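User: I am new to reading structures. Can we go through this one step by step?

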Amino acid sequence: MISLKIEKISIGFDAEKLKAVKFFMPKDSPSLEEQLTEQIEKIYQKVVPQPARLYIEEVMKDNPKQGKKA
């Protein structure tokens with residue numbers, strides 16, 4: 001999926017809990033960042049109305065280079 005613009009987000013999370021997640025995460029599983037991105041996509045699908053999602057997809061088709069870094 002091409003994005004209009006990639007925006008980085010940061011969250012606060014307990015350092016010891018994060019260490020535990022990284023330690024116990026299976027080596028062959030997707031990265032923590034990939035899993036978080038997947039969860040945000042699910043939230044997007046849940047809360048953004050379908051007509052808005054369709055509009056965004058159309059805009060992305062019309063402007064495919066906007067999501068790429070210069």
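Predicted model: local features only at pLDDT ≥ 70, side-chain atom pairs only at ≥ 80, totals over all residues.

User: Which elements does the chain have, and in what order do they run from the N terminus?

Analyst: Start with the counts. The chain has three helices and zero strands. Read from the N terminus, the order of the elements is α-α-α.

User: What percentage of the residues in the chain is buried?

Analyst: A residue is buried when its relative accessible area is under 20%. The chain has 70 residues. The buried share of them is 4%.

User: Are the rings of Phe23 and Phe24 stacked or edge-to-face?

Analyst: The structure holds one aromatic pair. Its rings belong to Phe23 and Phe24, with centres 4.9 Å apart and planes at 85°. Planes over 60 degrees apart count as edge-to-face. The 85° angle therefore makes this pair edge-to-face.

User: Is Phe23 buried or exposed, and what about Phe24?

Analyst: The cut-off for exposed is over 50% relative accessible area. Phe23 has 62% relative accessibility, so Phe23 counts as exposed. Phe24 has 64%, so Phe24 also counts as exposed.

User: How many salt bridges does the structure hold?

Analyst: Side chains of opposite charge can pair when their charged atoms come close. The cut-off here is a nitrogen to oxygen distance within 4 Å. The number of salt bridges in the structure is three.

User: In which helix do Lys19 and Glu16 lie?

Analyst: The side chains of Lys19 and Glu16 meet in a salt bridge, at 3.3 Å from N to O. Both residues are exposed. They sit three residues apart, about one turn of the helix, and that helix is α1.

User: Is Glu58 exposed or partly exposed?

Analyst: Glu58 forms a salt bridge with Lys61, with the closest N and O atoms 3.5 Å apart. Both lie in helix α3 (residues 50-62), three residues apart. Lys61 has 58% relative accessibility, so Lys61 counts as exposed. Glu58 has 41%, so Glu58 counts as partly exposed.

User: What is the volume of the second largest pocket, and which residues line it?

Analyst: The volume of the second largest pocket is about 150 Å³. Its lining consists of Ile11, Phe13, Leu18, Val21, Lys22, Leu32 and Leu36.

User: Which element gives the largest share of the lining of the second largest pocket?

Analyst: Two elements give two or more residues to this lining: α1 (15-24) and α2 (32-47). The largest share is three residues. The element that gives this share is α1.

User: How many residues of the lining of the second largest pocket are nonpolar, polar and charged?

Analyst: Lys counts as charged, while Ile, Phe, Leu and Val count as nonpolar. The lining includes Lys22 alongside residues such as Ile11 and Phe13. The division is six nonpolar, no polar and one charged.

How values were computed. Residues numbered from 1 in each chain as written. Heavy atoms only, no water. Phe/Tyr/Trp six-rings, centres within 6.5 Å; stacked < 30°, edge-to-face > 60°. Buried < 20%, exposed > 50% of the residue type's maximum accessible area, 1.4 Å probe, protein only. 1 Å grid on protein atoms, 1.4 Å probe; cavity = no way out; pocket = protein on both sides within 12 Å on 5 of 7 lines; lining within 4 Å. Points joined across faces, edges and corners; volume = space filled by probe spheres on them. Helix = DSSP H or I, 4+ residues; strand = E, 2+ residues; numbered from the N terminus.
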